[in-house]
Amino acid sequence: MLPATAAQPTYGPQLEGFDYPHPVQRFAFESQGQPLSMAYLDVAPKNPNGRTVVLLHGKNFCAATWESTIAALNEAGYRVIAPDQIGFCKSSKPQRYQFSFGQLAANTHALLTQLGIDKATIVGHSMGGMLGTRYALQYPQATERLALVNPIGLEDWKAEGVPWRSVDQWYARELKTSFDSIKQYQLNVYYSGQWRPDYERWVAMLAGMYAGEGKQAVAWDQALTSDMVFNQPVVYEFSRLLVPTTLFIGQKDRTAIGKDLAPPELAKRLGDYPALGKRAAAAIPGATLVEFAELGHSPQVEDPQRFNAALLRALE
């Protein structure tokens, strides 16, 4: 049996109580008629090479999850910006917000503009891959390169036949989230049944927000962003990407949004990353595909040394 959720740490709605590996800064701005605060890390290298990398987290991740990648990029001379998107982690949790990848891309671009960064390499993991794709489509002149790390959205789940869910249904599902449920999901889908103790920290990071006083606000924004992910595919626009793009695909990943609602035969063929990665690389003009045969959804967490080396090679 897994330990009871009550034994796990409890965090605030903006992840208060969970320490990030670098000082958290804040970008205050107004969007959709309300003041918002976007948390971000801005980590400078000792020997700058003049280039900036922006790291976009996934739906079940935060800026802190990029810890080892930030260190490797800094060592190689890159300035690193790692934001928490609105609705996630240490950023604002608005009750009423029209979440779209276009809006999150605009928020990220506004942050970079405020920091005086006019061009950067965009690295997106999981949901961050969908956001990174939208960013590169929306702001091609501001995107030096695009790197997609096991991005979700390489298939259109709705078009494949996954049943639609209302935001209220997503919310009811989110309210049941616990340390145990997060761990079980990640074990099955992300890590192919292989668990390591160092993964627990990232499970506790997420679960702590659901265990705290801001549970409803956290669950509500997660429901809104699930609706965004399901209903705003980017896969049809891959051919329009104009920037050099590298796909990093852990072959054991089986992530697919809404798979739990899909008929068994459909569920079996969703999230086939070995096939999806190849298909995406063929659709994106000039894309490079890097495959990790024995890794899953989060190569930067599973094998940081190998992933960071591959990323640095792609950036050079």
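Residues are numbered from 1 along each chain as its sequence is written, and side-chain values use heavy atoms, with hydrogens and water left out. Because the model is predicted, local features need pLDDT of at least 70 and side-chain atom pairs count only at pLDDT 80 or more, while totals for chains, interfaces and linings use all residues.

**The disulfide**

A disulfide is a covalent bond between the sulfur atoms of two cysteines. Here it is assigned to a pair of cysteine sulfur atoms within 2.5 Å, and by this rule the count comes to one disulfide. Cys62 is joined to Cys89, with an S to S distance of 2.0 Å. The pair links distant parts of the chain, 27 residues apart. Cys62 lies in the loop between β3 (52–56) and α1 (67–75), and Cys89 in the loop between β4 (79–83) and α2 (101–114). These elements are DSSP runs numbered from the N terminus: helices are H or I with at least four residues, and strands are E with at least two. The torsion about the S-S bond of Cys62 and Cys89 is about -85°, so the disulfide is left-handed. Both cysteines, Cys62 and Cys89, are buried; buried means under 20% relative accessible area, exposed over 50%, and partly exposed in between, with a 1.4 Å probe and protein chains only.

Within α1, the buried residues include Thr69, Ile70, Ala72, Leu73 and Asn74. Among the elements that cover the buried residues of α1 are β2 (34–43), β3, β4, α11 (299–302) and α12 (304–315). Gly77, with a positive phi near 100°, follows α1.

Two packed helices are described by the angle between their axes and the distance between the axes. Axes are lines fitted to C-alpha atoms, for helices over the stretch in contact, and angles run from 0 to 180 degrees between N-to-C directions. The table gives both values for two pairs.

| Helix pair | Axes come within | Crossing angle |
|---|---|---|
| α1 and α12 | 10 Å | roughly 45° |
| α2 and α3 | 9 Å | roughly 70° |

Angles under 35 degrees count as roughly parallel, over 145 as roughly antiparallel, 65 to 115 as roughly perpendicular and the rest as oblique. α1 and α12 are therefore oblique to each other. The crossing of α1 past α12 is right-handed, a term for a near helix turned clockwise from the far one by less than a right angle. Ser68, Thr69, Ala72 and Leu73 in α1 meet Pro304, Phe307, Asn308, Leu311, Leu312 and Leu315 in α12, where contact means heavy atoms within 4.5 Å. Seven of these residues are nonpolar, three polar and none charged. In this grouping, Ala, Val, Leu, Ile, Met, Phe, Trp, Tyr, Cys and Pro count as nonpolar, Asp, Glu, Lys and Arg as charged, and the others, Gly among them, as polar.

**Helices α2 and α3**

With the axes of α2 and α3 crossing at roughly 70°, α2 is roughly perpendicular to α3. On the α2 side, the contact residues include Phe101, Leu104, Ala105 and His109, and on the α3 side they include Met127, Met130, Leu131 and Arg134. The contact of α2 with α3 comprises nine nonpolar, four polar and one charged residue.

**Two single residues**

Gly128 belongs to helix α3 (residues 127–138) and is buried, with a relative accessible area of 0%. Apart from residues up to four places away in sequence, Gly128 touches Leu56, His57 and Gly58. Ala309, in helix α12, is partly exposed, with a relative accessible area of 30%.
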